[in-house]
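Let's take a friendly look at a few local details of this model. Have the coordinates open as you read.

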Amino acid sequence: MRTLVRQESQASGFDWSYTAFRRFPMLHADNGDLILLSPVFLQERLTGGAAYWTLHDHFLAQGTAVDQFRSFHGQVVEAYARESVERMVPELPGGSRRVLYEEDMQRAWSPRRGKVSVCDIAIDYGWAWVCIEVVSGRLTQKSLSGGTAADFDQDVAKLVEKKVKQLDATIQHLDRHEEKLSGRPRTPGRRIYPVVLVAHGFPVNPISMSELHERVARAGLLQGVHVGRLEIVDLDELEQIEALHESGGPSLARLLADKQTANLYRTALNQYLYFERRVPLARPDRQDRLGREVMEGIAARYELLSQNPRGKAVGA
């Protein structure tokens, strides 16, 4: 571990030298003790971004298998996003759907042959639409931890080139033929809030968001007084909004609308919720249950809850 941290410090600087701990969140001491360095890193190692890279590198070594892994991972991320959104946006009385997916938009707007460019999820609140494009891939490690402006610039360019264009195309379709998708006339004064949902994080801060918004404007995308500023939301924040919904909190559309004029409008959504709205951040009930089941299974597997003859579990 000492060697890994030293190498990482030389490559990225000491402030960003934590990837080694994310890769190895537990240490097995010579006397048999198991030392937990970080519960957060352990959970991420098993189910989060660190797990993604472990599997990615494994399949990459097998050649073409990495493409199959990326495709499967993308399907899992989108399915999880759909599950979370459906829990916070129930159907209306009578079974009217408020959450529409890419296949629904294709049926509504595609010509007889071919497909149109649309986002992954569109949520109909009546007074507003929330359009969500899911990004299952990751930024380069340099963009996330101590890289240069050129590294970040390259990743933002990719984001605008593909994902934001799909959001913009969806908004254009809604402006022209909303009734074909919703089955009713457009609500006067309705707003549209575009969201890029990232699976593995994005460095959201006033500097990065200012740059992103400027790029979007220069590209002529997401224009119109009825279109809100682009928001970057990650899966953790989506879960926090789901938990807020469970406690009777405001809808996703209302949060996005309020954030447009907030003091912290260029910060991450969870920072806005916690520091400006004073909302305690939590996980949804289903996430807590799933997390407990996973961690209890791991503890049982490695005898962390029982006496280990070779040593004992030690938390750092």
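What follows covers some strand pairing and one lysine.

## About the model

This is a predicted model, in which local features need pLDDT of at least 70 and side-chain atom pairs count only at pLDDT 80 or more, while totals for chains, interfaces and linings use all residues. Residues are numbered from 1 along each chain as its sequence is written, and side-chain values use heavy atoms, leaving out hydrogens and water.

Strand E4 spans residues 121-124; strands (E, at least two residues) and helices (H or I, at least four) are DSSP runs numbered from the N terminus. Both of its faces are covered: Ile121 and Ile123 on one side, and Ala122 and Asp124 on the other, are all buried (under 20% relative accessible area with a 1.4 Å probe, protein chains only; exposed is over 50%, and partly exposed lies in between).

E4 pairs (at least two DSSP bridges between the strands) with E5, residues 128-135, in the antiparallel sense over four bridges. Strand E3 (residues 99-101) also runs antiparallel to E4, joined by three bridges. Ile121 stands opposite Tyr101 and opposite Ile132 in E5. E4 and E5 form a hairpin with three residues between them, and Gly126 in the turn has a positive phi of about 85 degrees.

## Lys259 in helix H11

Is Lys259 buried or exposed? Lys259, which lies in helix H11 (residues 252-260), counts as buried because its relative accessibility is 0%.

A polar atom of the Lys259 side chain lies 2.9 Å from the backbone oxygen of Thr267. Leaving aside neighbours within four places in sequence, Lys259 is in contact (heavy atoms within 4.5 Å) with residues including Arg229, Glu231, Thr267 and Tyr272.

How values were computed:
A polar contact is a pair of N or O atoms within 3.5 Å; within protein, one must be able to donate a hydrogen and the other to accept it, and residues adjacent in sequence count only if both atoms are side-chain atoms.
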